[in-house]
Amino acid sequence: MPDTPAVPTPRKVSLYRNGSVYTAADPFATAMLVDGDTVAWVGSEQAASSIADSSMDVIDLHGTLVAPGFVDSHVHLTETGIALDGLQLGGIRSAAELLDAVAAAAGEGTVLGHGWDETLWANPALPTREELERAAGGRQVYLSRVDVHSSLVSSSLASAAGLGGLDGFAAGSQVKRDAHTAARRAARQLPADRLRGYQQRALAEAAANGYVAVAEMAAPHIGSVEDLRLAAGWNTTSNPADAAPAGAVPEVLPYWGQLASSVEHAQSILDGLGVPVLGLAGDLNIDGSIGSRTASLRSDYSDAPGERGSQYLTVAAAAAHLAACSLLGIQAGFHVIGDAGLDAALEALDQAAAEVGEQRIRAAGHRFEHVEIADADAISRLARYSVTVSAQPGFDALWGGDSSLYKQRLGQRQLGMNPFGSYYSAGVPICFGSDSPVTPLRPWDSVRACLQHTNPAEQISARAAFLGHTRAGWRAARYRNPMAGQLVPGAPASFAVWEVDELMVQVSDGRVQSWSTDPRARTPLLPALDTGSDPVCLQTVRDGRVLFTNGTLGA
């Protein structure tokens with residue numbers, strides 16, 4: 001008998017109506033039709049009434065907001081999962097409190113924790129390795145600082161990881177640079193099912209906060225290739241029964257931060273990974289962090305005379321990496337925070353351009369992560385090479401301002417940090433993320449941080465910030481679908497539904513507010529971020545598949 005033709009599965013059609021839709025197609029849209037994985041139509045309530053029929057899943061929005069889903073342009077999934085499930089030390093205010101938390105840690109194996117910040121303590125003295133050992137009852141201890149560029153370790157972990165004699169290992173419990181890398185590797189010797197569980201925890205947290213994609217910034221000093229493969233695998237395969245099926249979590253945009261010395265070396269790295277990555281970029285460190293005093297500065301830290309941080313790559317090595325990736329047509333990039341670190345990265349761009357040509361450099365779409373200290377000349381050079389800056393607005397919200405970590409570490413130099421407004425003015429492509437677990441997966445807090453930058457000269461509008469957290473994230477990853485990140489007919493149906501107090505246009509410059517907030521300006525509305533309460537995520541959808549729902553959004 002001839003084979004019976006397969007009957008195609010009917011495409012699910014959903015009509016969202018009686019709300020507000022953030023779309024450039026119609027700033028007054030109240031309804032959206034989703035056909036399978038695609039936005040089919042946006043428009044008015046009257047038009048929605050005319051097209052609704054019994055074959056559709058009709059969702060009454062009850063005045064809520066439908067907006068493009070967020071893209072976090074810099075995360076670490078396993079680290080985020082560990083931080084969410086381990087000791088959360090952000091509220092600790094002394095060494096004694098930290099030791100109490102370690103002593104109270106449940107479970108077996110290494111005590112894992114994250115988020116301590118001694119600059120918030122009345123007495124910044126850290127516990128000793130021996131004190132950590134006693135508090136843990138002999139269990140190994142690894143506690144990452146809030147910036148994840150240093151950690152506290154117990155005596156037994158220091159011994160097991162062979163930290164003695166490594167750069168960054170000193171008499172105290174805090175380890176930096178090579179010693180921190182070795183300590184983290186020792187603490188992360190975990191079976192695949194635990195790594196997968198941590199990643200799933202992080203992806204669930206992202207979905208519950210309106211994210212439809214996250215850029216995983218993997219690197220050899222952070223996690224293994226197996227860790228990267230697990231992260232990339234969420235996109236393409238069905239995981240075991242204890243995990244979600246592919247497509248039911250935010251999309252993972254994977255990067256691998258490993259240095260290449262030539263085209264052949266870069267290709268061999270890519271071939272050896274076993275999974276496709278978007279580039280050899282991300283947390284390939286040129287320098288470290290301000291909090292751990294490892295960001296590379298032109299002049300001394302204000303609170304540590306004689307210290308200027310660390311530079312992990314030479315200009316020649318960085319230039320060779322940029323040239324190799326440019327010739328392959330893939331993204332390269334670095335973690336760079338300090339001004340001296342940025343000087344090195346820009347000099348590397350100049351050398352690479354001299355070797356392979358400026359056009360190849362621009363075409364590759366390279367990206368630099370963080371770039372917190374940049375003067376006008378540096379910003380101009382970034383624009384010249386079309387380098388995307390992947391920035392974290394939460395850094396300024398947490399550590400900017402007059403009474404802040406940045407002021408303590410850098411003095412008046414902190415006024416020029418995270419220059420979002422200057423980037424936009426100069427035409428530097430910019431996208432935003434959290435660097436989770438350094439700052440939490442809370443996208444509206446990040447949008448608010450752009451609008452309320454501690455330096456008024458660097459504030460940007462909520463609309464610009466929102467685009468930097470959505471469509472710009474897809475563009476920065478050179479995503480295959482150019483329509484991603486917007487809700488217009490033909491675009492991917494990737495969005496979130498938000499319960500909001502009020503919708504409005506918010507700008508940083510009062511001179512333009514009267515026109516931009518006028519309905520005649522046809523500017524799409526966003527949640528008011530000064531009402532005292534944040535938007536609440538009711539549903540997150542990626543390519544037409546529901547990733548998260550809190551149960552209150554009914555048909």
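This is a predicted model: local features need pLDDT of at least 70, side-chain atom pairs count only at pLDDT 80 or more; totals for chains, interfaces and linings use all residues.
**The packing of H2 and H7**

Begin by selecting helix H2, residues 77-85, together with helix H7, residues 192-207. The two helices pack at an angle of about 85 degrees, and their axes are 7 Å apart. H2 is therefore roughly perpendicular to H7, since angles of 65 to 115 degrees fall in that class.

Next, display the side chains at this contact. On H2, select Leu77, Thr78, Thr80, Gly81, Ile82, Leu84 and Asp85. Their counterparts on H7 are Leu195, Tyr198, Gln199, Arg201, Ala202, Leu203 and Glu205. Colouring the contact of H2 with H7 by residue class gives 7 nonpolar, 4 polar and 3 charged residues.

**The aromatic pairs**

Turn now to the rings, of which the structure holds 13 aromatic pairs. A pair of aromatic rings is described by the distance of the centres and the angle of the planes.

Select Trp444 and Trp498 to see one of them: the ring centres are 5.5 Å apart and the planes stand at 80 degrees. The pair is edge-to-face because the angle of 80 degrees is over 60. Trp444 belongs to helix H17 (residues 443-451), whereas Trp498 belongs to strand S20 (residues 495-499), so the pair ties together parts that are 54 residues apart in sequence. Both Trp444 and Trp498 are buried.

Trp474 is buried, at a relative accessible area of 5%. Tyr479 has 16% relative accessibility and also counts as buried, because the limit for this class is under 20%.

**The cysteines**

How many disulfides does a search of the whole structure find? The search finds 0.

Select Cys325 and then Cys431, which holds the closest cysteine sulfur to that of Cys325. The distance is 17 Å, too far for a bond, because a disulfide requires sulfur atoms within 2.5 Å. Cys325 is buried, with 0% relative accessibility.

Finish at Cys537, for which the closest cysteine sulfur is in Cys450, 19 Å away and likewise too far for a bond. Cys537 counts as buried at 6% relative accessibility.

Methods
Residues are numbered from 1 along each chain as its sequence is written. Side-chain values use heavy atoms; hydrogens and water are left out. Axes are lines fitted to C-alpha atoms, for helices over the stretch in contact, and angles run from 0 to 180 degrees between N-to-C directions. Helices (H or I, at least four residues) and strands (E, at least two) are DSSP runs, numbered from the N terminus. Angles under 35 degrees count as roughly parallel, over 145 as roughly antiparallel, 65 to 115 as roughly perpendicular and the rest as oblique. Contact means heavy atoms within 4.5 Å. Ala, Val, Leu, Ile, Met, Phe, Trp, Tyr, Cys and Pro count as nonpolar, Asp, Glu, Lys and Arg as charged, and the others, Gly among them, as polar. Buried means under 20% relative accessible area, exposed over 50%, partly exposed in between (1.4 Å probe, protein chains only). Rings of Phe, Tyr and Trp (its six-membered ring) pair if their centres lie within 6.5 Å; planes under 30 degrees apart count as stacked, over 60 as edge-to-face and the rest as tilted.
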